[in-house]
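The sequence and the model come before the details.

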Amino acid sequence: MAAGTLSSKTLTQSYLDRIARVDDAGPMLNAVIELNPAAIAEAEARDAERAAGHVRGSLHGIPVLVKDNIDVAGLVNSAGSLAMATHRPAKDAFLIAQLREAGAVILGKTNLSEWANFRSTRSSSGWSSRGGQTRNPYALDRNPCGSSSGTGAAIAASLGAIGVGTETDGSIICPASVNGLVGLKPTVGLVSRSGIIPISISQDTAGPMGRTVSDVALLLNAMAVVDDADPAGPTSLGHRPSDYTAFLVSDALRGKRIGVLRQAMGYHPDVDAVMASAIDVVRKAGAEVIDVKIATYNQWNDPEFEVLLYEFKDGLNAYLTSSGAPVASLEALMAWNTAHSGEAMPLFGQEIFAQAQAKGPLTDAAYHKARDDARRLAGKDGLLAAMDQLTLDAVIAPSMSPAWTTDHVLGDHFVGAGYGVAAVAGTPSLTVPAGDVAGLPVGVTWMGRAWSEADLISFAYTFERATQARRAPRFKSRGGR
């Protein structure tokens, strides 16, 4: 673009053409749920600015795909739900406004696990009543994980330059890992949640998903802006470097102490083999590798779920009311789903909704205890205690098992994952491709203390350069042995 050999309009049209070839036809990934009809006009405007000598930054004219739980003015924001299929927010979410200010072109919205996978215990990740089932581009019978399923599949298949996902617990890391991507879940508060359909005010965050660590760092630059309207936003003041790309260095691991969370291993020998190779790479890069044991491992699971039930009801009701959504409450949403069950619930029900609806207000003592217990067990007494005891710079674990076969009868088949402790602690995590099992990508997750995104980016970049593990998807009809 700087040389004048490529325009944003040409690039944007190329992605639109590829979406038509790969997502709507060909492999039919079903990853993009809606295109922005103004995308070409936005690209032309960015080209005109560049011609006039006004370049907003590294994202100027770059097409970005956005998960369909984030408000984009003029587009539907549905969380994948048919009940929300007519919901067009009047204004952009805070983070979308920042992307536009940085010059990005909003290409469209991506499918997701409906309601960010917080509707049923028998759900299929990547399925929504509005968007259908998204498929994994590495093996079309395999699952893309979720809830940022469409973003993961779309960016892996090069349907957009880069994408935005959201996470409460694994919804960036899991789809990034099984789709061979880099995905960053920031510290809660670094990226605004205003204008995002919520699950948990304690754990929710948006984050970048891309094909390289460099791409993720570039997008984080535009996303990490303090939002005073976000209750956690002011906590990020003073914790954001001026440029995350300054940390893209190839020797960042030299002299560092990296913990290995073996409690998150042992569920699949081939995943363990990928992890063993990753540990060798970390050692050869000059780091000292130390086994780490979290004394409270997984003790946070029950209080975390209690927190999510309470906060989902409270946060969703507030979002639906303030945004003028077609359903005004969780109770009304459940009634709509029941009345339209053939379309809205053909595969699984809404038992998690029912559990959340039964909860009281956030003033309940039970909520406060669960919130404090979950954060302490995962954070102060969990990940942070282990890191402090061993003076660690980061902790690594296998991100996720390889993608499972999509199953609309029994639902998802989670085998194991290593990202949960950082999600509940509210601290950052970053997955980067590390290898594959039978052609299915496997990632390694890097976890650190609050606001350590720059360190994790530098470690992951060093690892990425040393391994060059990512392979482009081949859209096989079936995957695995």
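## Helix 5

The buried residues of helix 5 are Ser149, Gly150, Thr151, Gly152, Ala153, Ala154, Ile155 and Ala156. Buried means under 20% relative accessible area, exposed over 50% and partly exposed in between, with a 1.4 Å probe and protein chains only. Helices (H or I, at least four residues) and strands (E, at least two) are DSSP runs, numbered from the N terminus. Because eight of the eight residues of helix 5 (residues 149-156) are buried, the helix is largely enclosed by the rest of the structure.

These buried residues pack against strand 2 (63-67), strand 3 (105-110), strand 6 (162-167), helix 6 (173-178) and strand 8 (205-210), where contact means heavy atoms within 4.5 Å. Serine 158, which follows helix 5, has a positive phi near 60°.

## Basis of the model

The model is predicted: local features need pLDDT of at least 70, side-chain atom pairs count only at pLDDT 80 or more, and totals for chains, interfaces and linings use all residues. Residues are numbered from 1 along each chain as its sequence is written, and side-chain values use heavy atoms, with hydrogens and water left out.

## Strand 13

Eight of the eight residues of strand 13 (residues 440-447) are buried, so the strand is largely enclosed by the rest of the structure. Leu440, Val442, Val444 and Trp446 point one way, Pro441, Gly443, Thr445 and Met447 the other way, and all are buried.

Strand 13 runs antiparallel to strand 12 (residues 429-437), joined by eight bridges, and antiparallel to strand 11 (residues 394-398), joined by four bridges. Two strands pair if DSSP finds at least two bridges between them. Valine 437 stands opposite leucine 440, and proline 398 has valine 444 as its bridge partner. The hairpin of strand 12 and strand 13 has two residues between the strands, and alanine 438 there takes a positive phi near 55°.

## The largest pocket

The largest pocket holds about 940 Å³ of space. On a 1 Å grid over the protein atoms alone, a cavity is a set of points where a 1.4 Å probe fits but cannot get out, and a pocket is an open set with protein on both sides within 12 Å along at least five of seven lines; lining residues have an atom within 4 Å of a point. Grid points are joined across faces, edges and corners, and a volume is the space filled by probe spheres set on the points.

Of the 35 lining residues, Asp169, Gly170, Glu304, Phe414 and Tyr419 lie nearest the centre of the largest pocket. Helix 9 gives the most to this lining, with four residues.

## The second largest pocket

The second largest pocket has a volume of about 720 Å³. Of its 39 lining residues, Arg193, Ser194, Gly195, Ile196 and Tyr319 lie nearest its centre. Helix 9 provides the largest share of this lining, six residues.
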